[in-house]
Amino acid sequence: MAQESSINRASRRTRILNHHLVQSPSDPTSCLQSNSCLSYTPPEVTESFDFETKEMRKILDFHNLEDRDWLFRVIEQGKVFNGKERGGRMFVIPDYNQTMEQQREMTTKRIEYLLERGVFDGWLMKKGVEAELKKLAFLDVIHNFDHSLAVMLGAHFILWGGAIQFMGTKRHHDKWLRHTETFALKGCFSMTELGHGSNVRGIETVTTYDLKAGEFVINTPCESAQKYWIGGAANHATHTIVFSQLNINGVNQGVHAFIAQIRDEDGNISPNIRIADCGHKIGLNGVDNGRIWFDNLRIPRENLLNSVADVSPDGQYLSAIQDPDQRFAAFLSPLTSGRIPIATSAVFSSKVGLAIAIRYSLSRRVFSATPNGPEVLLLDYPSHQRRLLPLLAKSYAMTFGGNYLKMIYVNRTPGSAKTLHVVSSAFKAIFTWHNMRTLQECREACGGQGLKTENKIGHMKGEFDVQSTFEGDNTVLMQQVCKALLSEYVAAKKKNKPFKGLGLEHMNGPVPVIPSNLTSSILRSSQFQMNAFCLRERDLLNRFAAEVSLYQSKGKSKEHAFMLSYQLAEDLGRAFSDRAILQTFIDAEANVTAGSLKNVLGLLRAMYALICLEEDVAFLRYGYLSTGNAAAVRKEVTKLCGELRPHALALVSSLGIPDAFLGPIAFNWIDANSWSSVKH
């Protein structure tokens with residue numbers, strides 16, 4: 001009986017378990033139902049393309065599309081670029097599991113690989129717009145693969161090579177440029193010191209002239225004067241540009257630049273030079289950043305880069321520019337070239353992050369909107385659209401801004417130097433801030449998968465974080481923008497002449513008026529958007545000038561008055577940047593014929609403008625928008641998210657980024673994480 005009872009209990013338990021686990025799907029009381037395993041559906045299966053993505057890419061990439069595609073293929077095919085198969089696709093992703101030393105060695109091997117294939121031909125020796133644009137296009141592509149590789153090339157070609165090109169004269173060009181282009185020597189750029197970064201005028205390295213020997217003598221007089229963060233210096237560079245105070249006959253003539261050898265051809269550190277490693281960093285560990293001390297280092301007199309000033313054999317200081325401030329400005333003006341690839345690469349980085357996150361959100365589902373209903377695609381949640389689509393619109397807008405910046409640069413003249421400096425400063429700051437915010441949002445939007453290094457987004461944050469402070473701290477750059485705007489304002493008022501340049505011509509017209517009732521059609525009008533941006537910039541410039549003047553009337557120096565007005569300066573810098581970017585978007589849109597492509601650009605432009613209106617509290621703080629109008633803007637942004645949602649896949653497919661340069665979660669993330677993908 002006991003055995004039978006035991007059998008009955010076991011049978012009853014089996015029936016209960018079976019009842020719970022295998023129920024009829026039609027049973028409305030069912031709490032547990034059997035579910036088939038998830039499967040990956042490519043978004044291309046369900047998403048439609050209402051415009052030609054190739055045409056959109058032409059508008060975005062703007063120049064050298066064939067050259068870009070060639071270099072993408074070169075990288076995809078090279079073993080040194082770490083191609084790996086994931087989910088049935090090949091991806092080229094740097095191996096960040098390597099040690100710092102291994103990453104640096106791979107950077108060197110990749111440079112050698114690209115050099116052998118002629119990638120750098122003409123980067124310094126060819127002149128003209130076409131050669132410059134091709135170089136910038138190649139840098140865009142290289143940034144898409146690995147920021148360390150791009151930064152090392154930037155230090156060698158743009159900083160070292162650019163300094164010789166623009167700050168030197170024929171004697172320097174003839175001796176150094178060809179060897180630089182072929183990597184017969186490896187250059188770096190020694191400006192930053194432990195104690196001075198943005199304040200270049202304050203650097204403490206000292207150079208004197210030995211009249212008898214006809215040589216300059218470079219010294220690091222104190223620990224705070226050691227050169228710091230010098231890319232390439234720790235292991236590889238053979239030569240450097242040294243920025244130093246020049247002391248002639250006991251008179252400090254200010255900061256000048258000199259060529260110095262720091263290693264021989266075999267990599268041995270030169271006499272009178274000490275070099276140390278800056279150590280491990282939160283990113284860019286493929287770059288060998290180093291520290292340099294100079295101990296009575298002697299260099300030939302001819303190694304002074306003398307486009308602005310020179311020292312004669314008999315020790316006379318010579319310069320056509322007598323004013324020290326003007327001489328310093330002329331001396332540093334060529335260095336703006338370094339900001340161009342930084343600004344444009346930041347936008348490309350944000351586009352990589354968005355392409356990965358949006359593609360993932362078009363195949364990843366979560367929760368159900370109805371009882372027992374299918375799980376909902378991430379991008380079908382309005383909240384997810386709000387996270388990503390405004391950032392995508394901003395990246396489109398900044399792409400047009402970056403193209404405008406490139407054209408100012410490659411067509412530069414002495415008369416455009418101020419515009420280039422101001423626009424490059426503003427865009428470098430705005431674009432790099434946008435990139436860091438975008439990568440963080442994309443990382444979070446991908447959940448736990450965003451943490452995986454192979455999915456790129458999380459690691460890109462560490463790689464690109466440096467852009468906020470190198471080649472000019474962003475906050476300092478924006479202050480320089482505001483100083484330039486204030487200078488234009490004071491000059492126009494003092495001379496009683498109309499504003500001309502930097503896009504300030506709108507200051508000459510009547511003050512724009514914002515309608516009291518903002519309808520959807522008004523909000524989407526480019527005229528309204530530009531009026532709102534111009535109103536903000538105009539009023540903030542007036543307020544800023546008035547506040548600085550008030551402080552000066554109370555006895556403050558101009559510099560101190562400017563420092564005390566920093567809050568208005570922050571608002572003004574963003575206002576200038578946003579308006580300039582919007583203008584480039586409107587100009588790009590105007591060149592497109594009517595049709596679906598133009599319609600989508602109109603949605604993106606409206607989204608860019610309105611998200612700027614919504615996010616900048618200055619519009620409410622200074623009363624440019626009423627609270628009711630601000631609410632209308634917020635509502636319209638939500639509507640635009642819904643209207644852009646059907647175009648999301650087409651928009652990221654237009655970015656010109658090959659699949660291999662994205663992360664595995666942008667495609668079949670189930671297969672990429674399957675057991676079969678694990679190395680046994």
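1. Let me begin with helix α13, residues 457-464, in this predicted model. Its buried residues are I457, M460, G462, E463 and F464. The cover over them includes α6 (129-145), α7 (147-167), α10 (339-361) and α12 (417-445).

2. One of the covering helices, α12, holds N435. This asparagine counts as buried, because its relative accessibility is 0%, under the 20% cut-off. Leaving out neighbours within four places in sequence, N435 is in contact with A346, S349, S350, F464 and Q467. Of these, F464 belongs to the buried set of α13. The C-alpha atoms of N435 and D465 are 8.9 Å apart, although 30 residues separate the two along the chain.

3. As background, most residues other than glycine have a negative phi. E471 is partly exposed, with a relative accessible area of 24%.

4. N296 lies in the loop between β10 (289-294) and β11 (297-300). With 46% relative accessibility, N296 counts as partly exposed.

5. How do α14 and α18 cross? The axes of α14 (residues 474-495) and α18 (residues 566-590) come within 9 Å, at an angle of roughly 80°. That makes the two helices roughly perpendicular, because angles of 65 to 115 degrees fall in that class. On the α14 side the contact is made by M478, V481, C482 and L485, and on the α18 side by A569, L572, G573, R574, F576 and S577. Sorted by class, the contact has 7 nonpolar, 2 polar and 1 charged residues.

6. Besides M478, S577 touches A426, F427 and I430, if residues up to four places away in sequence are not counted. M478 is one of the α14 residues listed for the helix contact.

7. Which residues have the most contacts inside the largest nonpolar core? They are L114, I241, F243 and I358, in a core of 182 residues. Taking L114 as an example, and setting aside neighbours within four places in sequence, its contacts are L71, V74, F81, V119, F120, I142 and L149. There is also a second, separate core of 23 residues, which includes I218, A237, I299 and Y317. In soluble globular proteins, nonpolar side chains tend to be buried together.

8. Now to the annotations. An unreviewed UniProt entry places "domain: Acyl-CoA oxidase/dehydrogenase middle" at residues 188-296. In the model, that span is 0% helix and 46% strand, with its end C-alpha atoms 20 Å apart. The unreviewed entry also gives "domain: Acyl-CoA oxidase C-terminal" at residues 529-663. Residues 529-663 are 78% helix and 0% strand, and their end C-alpha atoms lie 36 Å apart.

9. For "binding site", the unreviewed UniProt entry lists T192 and G231. They span 40 residues in sequence, yet no two of their C-alpha atoms are more than 10.6 Å apart, so they gather at one spot. T192 is in the loop between β3 (187-190) and β4 (206-210), while G231 is in strand β6 (residues 227-231).

10. Are these two listed residues buried or exposed? T192 is partly exposed, with a relative accessible area of 29%, whereas G231 is buried, at 14%. Not counting residues up to four places away in sequence, T192 touches G197, Q226, K227, Y228 and I230. With neighbours within four places left aside, G231 is in contact with A155, C188, V287, D288 and N289.

Technical notes. Residues are numbered from 1 along each chain as its sequence is written. This is a predicted model: local features need pLDDT of at least 70, side-chain atom pairs count only at pLDDT 80 or more; totals for chains, interfaces and linings use all residues. Side-chain values use heavy atoms; hydrogens and water are left out. Axes are lines fitted to C-alpha atoms, for helices over the stretch in contact, and angles run from 0 to 180 degrees between N-to-C directions. Helices (H or I, at least four residues) and strands (E, at least two) are DSSP runs, numbered from the N terminus. Angles under 35 degrees count as roughly parallel, over 145 as roughly antiparallel, 65 to 115 as roughly perpendicular and the rest as oblique. Contact means heavy atoms within 4.5 Å. Ala, Val, Leu, Ile, Met, Phe, Trp, Tyr, Cys and Pro count as nonpolar, Asp, Glu, Lys and Arg as charged, and the others, Gly among them, as polar. A nonpolar core is a set of buried Ala, Val, Leu, Ile, Met, Phe, Trp, Tyr and Cys residues joined through side-chain atoms within 4.5 Å. Buried means under 20% relative accessible area, exposed over 50%, partly exposed in between (1.4 Å probe, protein chains only). UniProt positions are given in the numbering used here, feature names are shortened, and annotations may be inferred rather than shown by experiment.
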